[in-house]
Amino acid sequence: MKIGIVLSGGGIRGISHLGVLKALKNFGITPDFISGTSAGAIVGATLASGIDPEKAFEIYMDTKLWRFFRPALGSLGLVNIESTSLLFKEYLLKDNIEDLDIPLIITAVNFSEGKAVQFTKGPLIKAIHASCCIPGIFKPVMINDQMYVDGGIINNFPIEPLMNKCDIIIGSSCNHLNKVDKITGIRNLLSRASVMSINHDMERKAKYCNLLIEPKGLGAISTFDLKRAEDIYWIAYEETLGVIKNNPEIYAQIKGK
């Protein structure tokens with residue numbers, strides 16, 4: 001029996017995936033396949049590289065990834081995401097996706113052709129950069145003379161690559177929105193609209209997950225609210241413990257594989 005996990009995009013909210021993976025590890029659950037986009041691609045790469053989820057969280061808190069970004073003025077973005085290459089190389093010791101400990105599928109968007117693509121081999125860090133490259137914020141990543149940007153603009157929950165490979169699929173989504181009676185300020189309005197857009201097909205995709213971990217209300221946290229990282233991590237950890245305990249039949253199936 002093969003277990004797959006799909007990790008959504010969501011900016012800083014993607015820290016939640018590390019909390020999910022920590023809880024899964026506590027229950028002795030390790031995926032055989034990982035599919036991720038944007039922040040989910042980063043977290044997926046750490047797990048597939050053999051980095052413990054708790055250690056990966058410590059690395060994030062210690063290094064503050066945002067400090068490695070460099071301006072990209074005069075180009076198609078404010079920041080050059082590829083300036084983080086040295087940091088990734090320090091911790092992700094495998095150069096190519098196909099050499100990772102766990103098979104990893106990274107979703108990005110070929111902006112030149114206007115379609116989603118999956119990277120299953122080739123340079124790991126380049127694929128991560130492409131998958132995380134939010135248009136307008138980050139300068140597009142060039143691969144073979146083609147522009148690549150954030151996979152989440154077309155497929156923010158890339159479950160499809162796992163559907164013919166896995167018997168059990170665990171989903172980790174960090175963009176749940178609570179109902180609201182009013183919106184204050186245009187910034188909050190635009191942020192909510194953006195999250196609603198990337199969540200547009202979650203209801204359909206959730207049906208293919210044997211377990212879905214979707215911590216309530218995380219979608220209301222700003223994509224770049226770095227101060228909430230620790231809160232996000234522990235909220236997701238506790239949510240995952242609850243989901244597993246509330247689905248003993250699935251857990252028994254996984255443990256009996």
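Modeller: Buried means under 20% relative accessible area, exposed over 50%, and partly exposed in between, with a 1.4 Å probe and protein chains only. Helices (H or I, at least four residues) and strands (E, at least two) are DSSP runs, numbered from the N terminus. What you have here is a predicted model, where local features need pLDDT of at least 70, side-chain atom pairs count only at pLDDT 80 or more, and totals for chains, interfaces and linings use all residues. Residues are numbered from 1 along each chain as its sequence is written, and side-chain values use heavy atoms, with hydrogens and water left out.

Biologist: OK, helix 3 then. Which of its residues are buried?

Modeller: Helix 3 covers residues 53-63. Its buried residues pack against helix 1, helix 2, helix 4 (85-91) and helix 8 (229-245), in contact terms (heavy atoms within 4.5 Å). The buried set is Pro53, Ala56, Phe57, Ile59, Tyr60 and Thr63.

Biologist: Within what arc do they fall, seen down the axis?

Modeller: The arc is taken over the directions from the helix axis to the C-beta atoms. The buried residues line one face of helix 3, because their arc is 155 degrees.

Biologist: And at the start of helix 3, which residue has a side-chain oxygen reaching a backbone nitrogen?

Modeller: The backbone nitrogen belongs to Glu54. Within 2.9 Å of that nitrogen sits a side-chain oxygen of Asp52.

Biologist: Let's move to helix 2 and helix 5. Are they roughly parallel or antiparallel?

Modeller: Two packed helices are described by the angle and the distance between their axes. For helix 2 (residues 39-48) and helix 5, the axes come within 8 Å and cross at roughly 155 degrees, the axes being lines fitted to C-alpha atoms over the stretch in contact and the angles running from 0 to 180 degrees between N-to-C directions. Under 35 degrees counts as roughly parallel, 65 to 115 as roughly perpendicular, over 145 as roughly antiparallel and the rest as oblique. The pair is therefore roughly antiparallel.

Biologist: How many residues in that contact are nonpolar?

Modeller: Helix 2 brings Ala39, Ala41, Ile42 and Ala45, which meet Leu124, Ile128, Ser131 and Cys132 of helix 5. One residue of the contact is polar and none is charged. (Ala, Val, Leu, Ile, Met, Phe, Trp, Tyr, Cys and Pro count as nonpolar, Asp, Glu, Lys and Arg as charged, and the others, Gly among them, as polar.) The nonpolar count is seven.

Biologist: How many residues of helix 5 are buried?

Modeller: Helix 5 runs over residues 124-132 and is mostly covered. The buried ones include Ala127, Ala130 and His129.

Biologist: Which backbone oxygen does the His129 side chain reach?

Modeller: His129 is in helix 5 and counts as buried because its relative accessibility is 1%. Its contacts beyond four places in sequence include Glu82, Thr84, Phe88 and Val141. At 3.3 Å, its side chain reaches the backbone oxygen of Ile81.

Biologist: There's another histidine, His17. What is its relative accessible area?

Modeller: His17 lies in helix 1 (residues 15-26). Leaving aside neighbours within four places in sequence, it touches Leu7, Ser8, Gly40, Val43, Ser172, Ser173 and Cys174. His17 is buried, because its relative accessible area is 0%.

Biologist: What about Ser38, buried or exposed?

Modeller: Ser38 also has a positive phi, about 55 degrees, without being a glycine. It sits in the loop between strand 2 (33-37) and helix 2. At 7% relative accessibility, Ser38 is buried.

Biologist: How far apart in space are Ile170 and Tyr208?

Modeller: Ile170 is in strand 9 (residues 168-172) and is buried at 2% relative accessibility. Among its contacts is Ile5, itself buried at 1% in strand 1 (residues 3-7). Ile170 and Tyr208 are 38 residues apart in sequence, and C-alpha to C-alpha they are separated by 9.1 Å.

Technical notes: Polar contact = N/O pair within 3.5 Å; in protein donor to acceptor, adjacent residues only side chain to side chain.
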